[in-house]
Amino acid sequence: MLGQSISLAILLCFVSASFENGTVERNSTDTVFSDGTPFFNDGKLNETKVEETAEEQLRVPELHEKKEETRKSDCPPVGLESLRVSDYQLQASSSLRSGLGPHRARLNIQSGIEDGDEYDGAWCAGLEDHEQWLQLDALRPTLFTGVILQGRNSIWSLDWVSTYKVQFSNDTETWSPCMNGSQEVVFVGNQDQETPVLALFPEPTVAQFIRINPQSWFSNGTICLRAEILGCPMPDPDHQYPVEPERVTTDKLDFRHHNYNEMRKLMKAVSDECPDITRIYTIGKSYTGLKLYVMEISDNPGKHELGEPEFRYVAGMHGNEALGRELLLNLMQYICHEYKRGNQRIVQLVKDTRIHLLPSMNPDGYEAAYQKGSELSGWALGRYSFEGIDLNHNFPDLNNIMWDAQDLATDKKKVSNHYIPIPEYYTTTDATVAPETRAVINWMQDIPFVLSANFHGGELVVTYPFDCTRDWIPRQDTPTADNDFFRWLAAVYASTNLAMANPDRRICHYEDFQQHNNIINGADWHTVPGSMNDFSYLHTNCFEVTVELSCDKFPHASELPVEWENNKESLLLYMEQVHRGLKGVIRDKDTKEGIANAIIKVAGLDHDIRSAADGDYWRLLNPGEYKVIVWSEGYIPLVRRCSVGSDLRPTICDFILTKTPRERIKQILAKGGKLPRDEQLRLRALRIRKLRVSTKILNRRREQQQRHAKVKRK
């Protein structure tokens, strides 16, 4: 017998205790009865709660201003998209071929370029009739509350299910249809391939098995679908249904999705709790005027300390890839709490490192995805900026500037391999450069970052530069001069990430990154001209990688505690890598003052770095012996041999430079020679000034337009 008879009071109590902070939002979804009468579902799941615990009230009380009455259908996804549901739990009446089997019926799963391989973009039935079905075995009695349906992901085929029925069973022998009173319900499905459509059941139903039974489909296509199912596992006090225990966290953090205002409040709450080690600042605004907030964490916030490296994490470049945003909000809370507790690892990290956390580089995109909800924003909604710009393709393409110069040069050693200036066209007001990108570039000029990572979603892999291939090849391993160290950085994060390091995990879509130990050269995956990673490496001193955090771009809030545990050690250990290699101060012999913009060259590595404004520098290197040459305009070059150990602390390697003697200058000029000049540095500074001027002009223009629009609305 099915579970309609179970007490709803018990069900609601269990739901509230286990699945708070959901982020599925209901659209107005038509449900059609068998007689053609429409049934409408509307409302939200993302901010509803039955009961708020005392612990939550203490956490950040101002974040809970709006409350809604909880409804019995507020259950999270069972996990088709997040891969908590294993392939063997999915069965089907028939399949068109193995690559279109039931294991591919996962919401937002992506297909490969070629149709017909083992990794296609949906489950497709082998027959076209009303008897086809996709079945989920939940492995235990589950309160099923709804279905989210999507068409087939393909650039070659148009396939989706237009209407469908749902049946429930506890033994796969006896099936009961989803009913509304005495009538069987026919649910409205999709009208295109990609838009997820939610249908909530008139009455939640308890069963172990659920079937989706297509009734009609796109006339020029066939029966194909991707799905997510909403459901709450029922209490199992007698442990009749053994399941693998999930990782739980003991960290008291705010595990839910935060919109723009909630994010600001949380950051302020952290700053108020730990005022001695935190500072909130902004680096600019989005197109719609939302501020790009950064949390600085340091034992001396607001100041660059001589010899202390600068580190940054950036999340939300693609607004719908939301996990990185929440991880950074969790991270700032965690560091604050653990610092106050006296956790020596955290205390040392804060003392020795200046940390900058930018949780939302694309707040406009995030807000668009957040309003739809985690399961209904699809694969692309919110990815781009308000202007439709992909921010990870929006930085200057310095790779091809460098490679073109190398191809034309008679002496390739004279071609600059670092601090490459922004091209002239990029500095104009007509250039297609997002205000968010301009803000981040300006941020990079102000702070001498040493190490960074930016967070994305939709895969489980860490990529390292270069991201762009030479000669516009679609994909090809394109290493930097620091390839060995970049591979080390990527491996540090990937090997300690509990999801990536799981040898039994299923691939997300169609790429098997486990064969590469979950790291890959970015260009060997797909070429990305104008990426932030490549720009950081070629324009600044900063080494940066990309972390693809999860198969699900926008995980449901119930997944956030597990994702925090998956990433916590990786986040901390990666930050600590900023202390590998060499560091020191380059000074003038006579004045003892630091020398800014001195060039630090490591023999055998065709990538130089520069000293910061105070003369301090950091050169990330693997263990070994290195010959280091330092030069600055007006000074005699100096050579030292420096040794890097395997311990997680840098080797101090200072340099004291002597100015070129006047007699030597006279000799050079008398022979018609020219003094060496750092023209690259001058051009770089000029282009940055032009970019800042054009940015101010555009910002003023946009603010005026927004003020005029507000006046018109009034």
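Analyst: L80, E81, L83, R106, L107, I109, R506, C508, H509 and C551 line the largest cavity. This is a predicted model. The space inside the largest cavity comes to about 60 Å³. Its lining counts six nonpolar residues, one polar and three charged. Among the charged ones are E81 and R106. H509 is the polar one. The whole structure holds six cavities of 30 Å³ or more.

Next, an open space. The second largest pocket holds about 1000 Å³. Its lining has 37 residues, and those closest to the centre are W379, R383, Y510, W525 and H526. By class, this lining has nine nonpolar, 18 polar and ten charged residues. Two named elements take part: α10 (522–525) and β19 (543–548) each give at least two residues to the lining of the second largest pocket.

Now to the helix pairs. A packed pair is described by the angle between the two axes and the distance between them.

Take α7 and α11. Helix α7 covers residues 398–408, and helix α11 covers residues 532–539. They pack at about 50°, with axes 9 Å apart. That angle lies between 35 and 65 degrees, so α7 and α11 are oblique to each other. On the α7 side, L398, N399 and M402 make the contact; on the α11 side, D534, F535, L538 and H539 do. Four residues of this contact are nonpolar, two are polar and one is charged.

Helix α9 spans residues 483–496, and helix α12 spans residues 560–576. Here the angle is about 155°, and the axes lie 8 Å apart. An angle over 145 degrees counts as roughly antiparallel, so that is how α9 and α12 are set to each other. The crossing of α9 past α12 is right-handed. From α9 come L489, V492, Y493 and T496. They meet N566, N567, E569, S570, L571, L573 and Y574 of α12. This contact of α9 with α12 has six nonpolar residues, four polar and one charged. E569 is the charged one.

To recap, the α7 and α11 pair is oblique, while the α9 and α12 pair is roughly antiparallel.

Notes:
Residues numbered from 1 in each chain as written. Predicted model: local features only at pLDDT ≥ 70, side-chain atom pairs only at ≥ 80, totals over all residues. Heavy atoms only, no water. Axes fitted to C-alpha atoms, helices over the stretch in contact; angles between N-to-C directions. Helix = DSSP H or I, 4+ residues; strand = E, 2+ residues; numbered from the N terminus. Parallel < 35°, antiparallel > 145°, perpendicular 65-115°, else oblique. Left-handed = near helix turned anticlockwise from the far one by under 90°. Contact = heavy atoms within 4.5 Å. 1 Å grid on protein atoms, 1.4 Å probe; cavity = no way out; pocket = protein on both sides within 12 Å on 5 of 7 lines; lining within 4 Å. Points joined across faces, edges and corners; volume = space filled by probe spheres on them.
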